[in-house]
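Colleague: Can you walk me through this one? I have not looked at it before.

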Amino acid sequence: AQLRQWLGGGGGGGEESRPPCRVWTYVPMDGSTLKADEDNPICQSYIDCALEGALLDCGGEDFAREFIRTTFEWAPFYLDDTPMSRRPWLNRPHYKVIDALLEEQSEHTCFKHRKHPEEYAAGHLKFLRGMWGVPKRNPLFIGRDRELGVMHEQLAQEAGGGQSSGSGGGSGLDGTRPITQVETVGLGGVGKTALAVEYCHRYCDTYPIILWLRAETAEMVEEDLRQVASYIGIETADVENAEVISEIKSRLFRATSPWLIVFDNLEDPKLVMDYVPQGLNSTTMGHVLITCRRLFNEFTHSVTLDRFTPLEAMQYLTRAAGEVAEMDDGAGAEAGAELGRILGHLPLALTTAAHYMRRCDVTVKEYLALIEGRRGTTSHWEPVLSSLSLTLERIDSESRLTRRVLNSLCFLNPDGITKSLVAAIVELTLEQEDEDVCGGGDGGGGGGGGGGGG
């Protein structure tokens, strides 16, 4: 009424009685409005702006209450984005009145769903952009373009609606899509894990959410999932594993962005069925990438990974060993090619050799001479054993303590070794060496003690 009086000159004073004012009217165009969703929530700062205007300039609480009642498209995607949202008195001078009015019509305004930023992020998985548990990208990665291309093509084909038998693709009778699963199969040491890591980093733009799980045992998978849960705000204290895992699966099912889960070193295919939601809604695709040593019949798609080609082995050895290998001349290149052949072009054996050359300042020709005298078996692991034995002998010559610590660590899962554990083992090993020295002194074993001291 006051606005009509201003604009119409209802005060009786003519043009002179009108206060100078300018009025903007916001009218959304048809089709230009979007409903609130996970990525575009209702924001409290916007609500405050509108309701403060209603309270202060347009009629007070009654007008604000009517404004709320006649506003539609409220949604549970409601974010309290105001600065210091947990201390509203610092930045929201009228927060008590506004919040009371919103809560008064809570069923209409979805006020009970309003969340602080960290709670909102935890409540909607789509906001979790990035990779969880994925190892760092290997700067020495080389080749494998064909395998990476095949993996991506198989997953992209399913995302595009391609039909497939078994558990690998197609659409269910209820309109849901089964999860696309691709397994990378190969012998130990051929680089299956490295390939999966490279895939995650190379195609991270395709998947806003990537989870990496160590899949040797169910216990390791559950440990990783609990860690992910704690990162994304799911309560884990005094909560059973089954409940935590159920919550993660539920959020993946509801996610509206593509996601990828990697099961590294899978031993039991049943784990995939246990820890991944079965079936997805029609708005998204879930992908599973598996690394394993044997082919499982449970999965439709597979990529077989073999050793390096001779050219890839040369390129990798040159990059990994660096200038110290001296492979840039004819003789060095020939020695590098021969070393690659002896090591079976196996990535793990080549990595061990390259590390030895860097650490001990040995050229490829010198390393070749060292390893040629160690060839005795024709097993798959012979190249790795030959390279590893050279490394262990070097450690023996430099530090007996280090070798004894390694002898203890070899009984442990490599993924669970912490700095504190290594420190404890070193301390115990040193105590044991002191006891050996004392015992050796009584029995004439002083030479052994002297070696330990050295």
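Colleague: What does Asp396 form a salt bridge with?
Modeller: Asp396 pairs with Arg403. Their closest N and O atoms are 2.8 Å apart. Keep in mind that this is a predicted model.

Colleague: Is Asp396 buried, exposed or partly exposed?
Modeller: Asp396 has a relative accessible area of 39%, so it is partly exposed.

Colleague: And Arg403, buried or partly exposed?
Modeller: Arg403 counts as partly exposed, because its relative accessibility is 23%. The cut-off for buried is under 20%.

Colleague: How many salt bridges does the structure hold?
Modeller: There are 18.

Colleague: Which residues are linked in a network of salt bridges?
Modeller: Asp48, Asp80, Arg92, Asp99 and Arg114 are linked that way.

Colleague: What about Asp224, which residue is its salt bridge partner?
Modeller: Arg214. The closest N and O atoms of Asp224 and Arg214 are 2.9 Å apart. This pair links distant parts of the chain, with the two residues ten residues apart.

Colleague: Where do Asp224 and Arg214 sit?
Modeller: Asp224 is in helix H9, residues 218-231. Arg214 is in strand S5, residues 209-214.

Colleague: Is Asp224 buried or exposed?
Modeller: Asp224 is buried, because its relative accessibility is 9%. Arg214 is buried as well, with a relative accessible area of 15%.

Colleague: Now Arg146. What is the distance in its salt bridge with Glu147?
Modeller: The closest N and O atoms of Arg146 and Glu147 are 3.4 Å apart.

Colleague: Which of those is buried and which is exposed?
Modeller: Arg146 is exposed, at 54% relative accessibility. Glu147 has a relative accessible area of 10%, so it is buried.

Colleague: Let's switch to the surface. Which residues make a nonpolar patch?
Modeller: Met84, Trp89 and Leu90 make one of about 360 Å².

Colleague: Where is Trp89 found?
Modeller: Trp89 lies in the loop between strand S2 (78-79) and helix H4 (95-104).

Colleague: Why does Trp89 count as exposed?
Modeller: Because its relative accessible area is 54%. Exposed means over 50%.

Colleague: You mentioned H4. At what angle do the axes of H3 and H4 cross?
Modeller: Roughly 45°. H3 covers residues 61-69, and the two axes come within 10 Å.

Colleague: Are H3 and H4 parallel or oblique to each other?
Modeller: Given that angle, H3 and H4 are oblique to each other.

Colleague: Left-handed or right-handed crossing?
Modeller: H3 passes H4 in a right-handed crossing.

Terms used: Residues numbered from 1 in each chain as written. Predicted model: local features only at pLDDT ≥ 70, side-chain atom pairs only at ≥ 80, totals over all residues. Heavy atoms only, no water. Patch = residues over 30% accessible without salt bridge, like charges linked within 9 Å, V, L, I, M, F, W, Y side chains within 5 Å. Areas by Shrake-Rupley, 256 points an atom, 1.4 Å probe, with all protein chains shown as cover. Salt bridge = Lys/Arg side-chain N within 4 Å of Asp/Glu carboxyl O. Helix = DSSP H or I, 4+ residues; strand = E, 2+ residues; numbered from the N terminus. Buried < 20%, exposed > 50% of the residue type's maximum accessible area, 1.4 Å probe, protein only. Axes fitted to C-alpha atoms, helices over the stretch in contact; angles between N-to-C directions. Parallel < 35°, antiparallel > 145°, perpendicular 65-115°, else oblique. Left-handed = near helix turned anticlockwise from the far one by under 90°.
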